Amino acid sequence: MVIADSSVVLQPATVRAGDVYLVLDAPPDGSLSFIAHQETESAPPGPLSSDDLDRLRRGDTIHTATTGVDAGGCSPAQNAEDRGKMGPCGNVLKVVVGPGAYVVVGGSPDPDPQTGELAPLAVLTVVP
């Protein structure tokens with residue numbers, strides 16, 4: 001996955017259900033958010049509906065669960081050592097998904113507090 005100022009590129013953009021590993025290839029100090037539908041705090045996360053996707057494109061994260069990775073959160077040496085690994089200094093995020101649509105955001109899903117702009121996003125399609 002590559003995150004640019006205006007886009008998120010998923011390769012592949014369609015995956016099989018189960019364990020999925022999201023690897024932040026570039027930038028090396030970037031971050032990503034993975035978003036699923038979650039009706040309540042105690043409900044399990046699942047695929048997003050078309051209404052959820054429309055709301056996310058407007059910056060509305062109601063009824064969603066977000067997890068992520070911050071690949072630049074450690075020293076340059078730690079970041080380099082943990083590249084290709086999961087963990088606090090790594091650039092890999094493991095998610096377990098069922099069939100449906102999920103969103104990957106290049107950064108935080110919240111609007112920028114100064115500009116109101118949203119980070120780029122891409123839809124990950126999961127098939128059985």
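The link of Cys74 and Cys89 is left-handed, with -85° about the S-S bond. It joins distant parts of the chain, 15 residues apart. Cys74 sits in the loop between β6 (64–70) and α2 (76–82), and Cys89 in the loop between α2 and β7 (92–97). Helices (H or I, at least four residues) and strands (E, at least two) are DSSP runs, numbered from the N terminus.

This is a predicted model: local features need pLDDT of at least 70, side-chain atom pairs count only at pLDDT 80 or more, and totals for chains, interfaces and linings use all residues. Residues are numbered from 1 along each chain as its sequence is written, and side-chain values use heavy atoms, with hydrogens and water left out.

A disulfide is a covalent bond between the sulfur atoms of two cysteines. Here the term is used for a pair of cysteine sulfur atoms within 2.5 Å. The S to S distance of Cys74 and Cys89 is 2.0 Å. A search of the whole structure finds 1 disulfide. Is Cys89 buried or exposed? Cys89 is buried, at 9% relative accessibility. Buried means under 20% relative accessible area, exposed over 50%, and partly exposed in between (1.4 Å probe, protein chains only).

The structure also holds 3 salt bridges. A salt bridge is a side-chain nitrogen of Lys or Arg within 4 Å of a carboxyl oxygen of Asp or Glu.

| Salt bridge | N to O distance |
|---|---|
| Asp19 and Lys94 | 3.6 Å |
| Arg55 and Asp52 | 2.3 Å |
| Arg57 and Asp54 | 4.0 Å |

Asp19 and Lys94 link distant parts of the chain. Asp19 is in strand β4 and Lys94 in strand β7, 75 residues apart. Asp19 is partly exposed at 46%. Lys94 is partly exposed at 36%.

Arg55 lies in helix α1 (residues 50–57). Arg55 and Asp52 are 3 residues apart in this helix, about one turn. Arg55 counts as buried because its relative accessible area is 19%. Asp52 is buried too, at 3%. Arg55 also touches Asp60 and Ile62, not counting residues up to four places away in sequence. Such contact means heavy atoms within 4.5 Å.

Arg57 and Asp54 also both lie in helix α1, 3 residues apart. Arg57 is partly exposed at 47%, and Asp54 is partly exposed at 40%.
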